[in-house]
Amino acid sequence: MTTKPRREAAVKRPISITAVVDAVGALAAGNMHGHLYMYDTNKSGGSTGFGTEELQTKARRGDQILWNCLALECEAYVAIDDIIIDRDVCEPVRKVYPGTDVAYWTGTVKKDAGPITYQIKFKLGTRDEPITTTLSSSLVG
């Protein structure tokens with residue numbers, strides 16, 4: 001009788017949160033309301049609010065979160081300038097893919113907690129000041 005080698009513990013994949021930004025609409029309005037569509041990769045884990053500004057991402061202690069953004073219009077510039085969240089729960093850090101200028105933000109959930117809301121500051125087009133989301137997405141335990 002042969003035995004199969006023990007499978008090593010599966011590597012946990014990060015939860016990727018993508019913000020799709022209608023930069024032209026947000027710049028014209030001067031705010032993000034109605035011009036932001038949030039998604040994550042944890043729908044099967046219980047996340048809700050897909051396609052809205054109030055995405056509720058199901059995340060637990062130890063989960064790695066990866067935030068990135070896309071422009072709805074391919075010629076528009078969008079970037080995340082900051083993520084405002086309780087640093088006791090998650091401390092996002094800006095990183096850049098090696099060999100590129102493509103940035104993303106990542107952080108590890110430090111503890112389980114009730115809904116922890118966060119806001120994102122976006123740089124859009126040639127505007128000097130970032131625009132902050134008016135509604136909040138959240139991490140829910």
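**View 1. Strand β10 (residues 137-140) is covered on both faces.** Ser137 and Leu139 sit on one side, Ser138 and Val140 on the other, and all are buried (under 20% relative accessible area, 1.4 Å probe, protein chains only). Strands here are DSSP E runs of at least two residues, helices H or I runs of at least four, numbered from the N terminus. This is a predicted model, so local features need pLDDT of at least 70 and side-chain atom pairs pLDDT 80 or more, while totals for chains, interfaces and linings use all residues. Residues count from 1 along each chain as its sequence is written, and side-chain values use heavy atoms, without hydrogens or water.

**View 2. β10 pairs with β3 and with β8.** Pairing takes at least two DSSP bridges between the strands. Strand β3 (residues 56-58) runs parallel to β10 over three bridges, with Thr57 opposite Leu139. β8 is joined to β10 by three bridges too, but antiparallel; here Thr117 faces Ser138.

**View 3. The largest nonpolar core has 29 residues.** Such a core is a set of buried Ala, Val, Leu, Ile, Met, Phe, Trp, Tyr and Cys residues joined through side-chain atoms within 4.5 Å. Trp67, Tyr118, Phe122 and Leu124 have the most contacts inside it. β8 gives the largest share, five residues. Phe122 touches Ala19, Met32, Cys69 and Pro130, among others (contact: heavy atoms within 4.5 Å), not counting residues up to four places away in sequence.

**View 4. An open five-stranded sheet runs β2-β1-β4-β7-β6 with mixed pairing.** β2 and β6 (93-96) each have a single partner strand, so one side of each lacks a neighbour in the sheet. β6 pairs antiparallel with β7 (residues 103-108) over four bridges, and Arg94 has Trp105 as its bridge partner.

Technical notes
Buried means under 20% relative accessible area, exposed over 50%, partly exposed in between (1.4 Å probe, protein chains only).
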